[in-house]
Amino acid sequence: EWGDPLNRLVAPGVPEHTMLLARIQALGEGRMPPLASRVTDDASVSLLRRWVAEELPKQPTFSAWQVAKFGSTNAPTAMAEADPDGDEADNRLEYLAGTDPLSPGDAWSVAMERLPGGVRLRVPHPANRGMVVEWSDTLAGEGDWNPLDVPGNPFRIPSKAGITTLEEPAAEGVRYYRARLFEP
């Protein structure tokens, strides 16, 4: 049922509560994509079901990660906002990126290269994590960030880690970039 409180966009290990799966299987109201399709793509449904049921449950929860790295979920160094290795990445980001929170040399970062006609960004994209690259012309406010509107930057959750490379043509003024990671 669409309104079940247990439903999530992606519910690791629970395909019946994964709305992404329900929407690609639906015919009629709620169908994704909503247009130009009256047939279920069985291969896509099978692939997504296997990912939700088998691959995502292998990903540790944040609390399991805290225990594995710090021996506890409530130690001061284990807190989500803590940065025990001083690399300016808090534990929440280290967890999402798959980097070591106790090693300042193991950091997740965006590489930027100026091109004659713009900029190229290379961002490590961890497996089973959503990511979007954003831009802003100011660092002043949280609400000033916009998704970078270039091919290859849609929100996606790959099953294998890789590098996302994006190129943006030169823009007027100053541009700041950031990449954000999300759990499914």
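Reader: How many cavities of 30 Å³ or more does a search of the whole structure find?

Author: A cavity is a set of points on a 1 Å grid over the protein atoms alone where a 1.4 Å probe fits but cannot get out; a pocket is an open set with protein on both sides within 12 Å along at least five of seven lines, and lining residues have an atom within 4 Å of a point. Grid points are joined across faces, edges and corners, and a volume is the space filled by probe spheres set on the points. Here the search finds one cavity of 30 Å³ or more. This is a predicted model, in which local features need pLDDT of at least 70 and side-chain atom pairs count only at pLDDT 80 or more, while totals for chains, interfaces and linings use all residues. Residues are numbered from 1 along each chain as its sequence is written, and side-chain values use heavy atoms, with hydrogens and water left out.

Reader: What volume does the largest cavity have, and which residues line it?

Author: Its volume is about 40 Å³. The lining consists of His125, Met131, Val132, Gly152, Asn153, Pro154, Arg156 and Thr164. By class, three of these are nonpolar, four polar and one charged (Ala, Val, Leu, Ile, Met, Phe, Trp, Tyr, Cys and Pro count as nonpolar, Asp, Glu, Lys and Arg as charged, and the others, Gly among them, as polar).

Reader: Which element gives the most to the lining of the largest pocket?

Author: Helices (H or I, at least four residues) and strands (E, at least two) are DSSP runs, numbered from the N terminus. Helix 2 (residues 42-55) gives the most, with six residues. The largest pocket holds about 280 Å³ of space, and Val10, Leu20, Trp51, Glu55 and Phe155 are among the residues that line it. Its lining has seven nonpolar, two polar and three charged residues.

Reader: What lies nearest the centre of the second largest pocket?

Author: Of the 13 lining residues, Arg114, Val119, Gly173, Arg175 and Tyr177 lie nearest the centre. Strand 1 (111-115), strand 2 and strand 5 (162-169) each give two or more residues to this lining, with strand 1 giving the most, three residues. The space in this pocket is about 230 Å³.

Reader: Which residues touch the most other members of the largest nonpolar core?

Author: A nonpolar core is a set of buried Ala, Val, Leu, Ile, Met, Phe, Trp, Tyr and Cys residues joined through side-chain atoms within 4.5 Å; buried means under 20% relative accessible area, exposed over 50%, and partly exposed in between (1.4 Å probe, protein chains only). In the largest core, of 21 residues, they are Trp108, Val123, Val133, Leu148 and Leu181. Apart from this core lies another, of eight residues, among them Val10, Leu21, Ile24 and Leu48.

Reader: Which residue is the bridge partner of valine 133 in strand 6?

Author: Strands of a sheet pair through backbone hydrogen bonds, either parallel or antiparallel. Two strands count as paired if DSSP finds at least two bridges between them. The partner of valine 133 is alanine 179, and strand 3 and strand 6 pair in the antiparallel sense over seven bridges. Three strands form an open antiparallel sheet in the order 4-3-6. Strand 4 (146-147) and strand 6 stand at the edges with a single partner strand each, so one side of each is left without a neighbour in the sheet.
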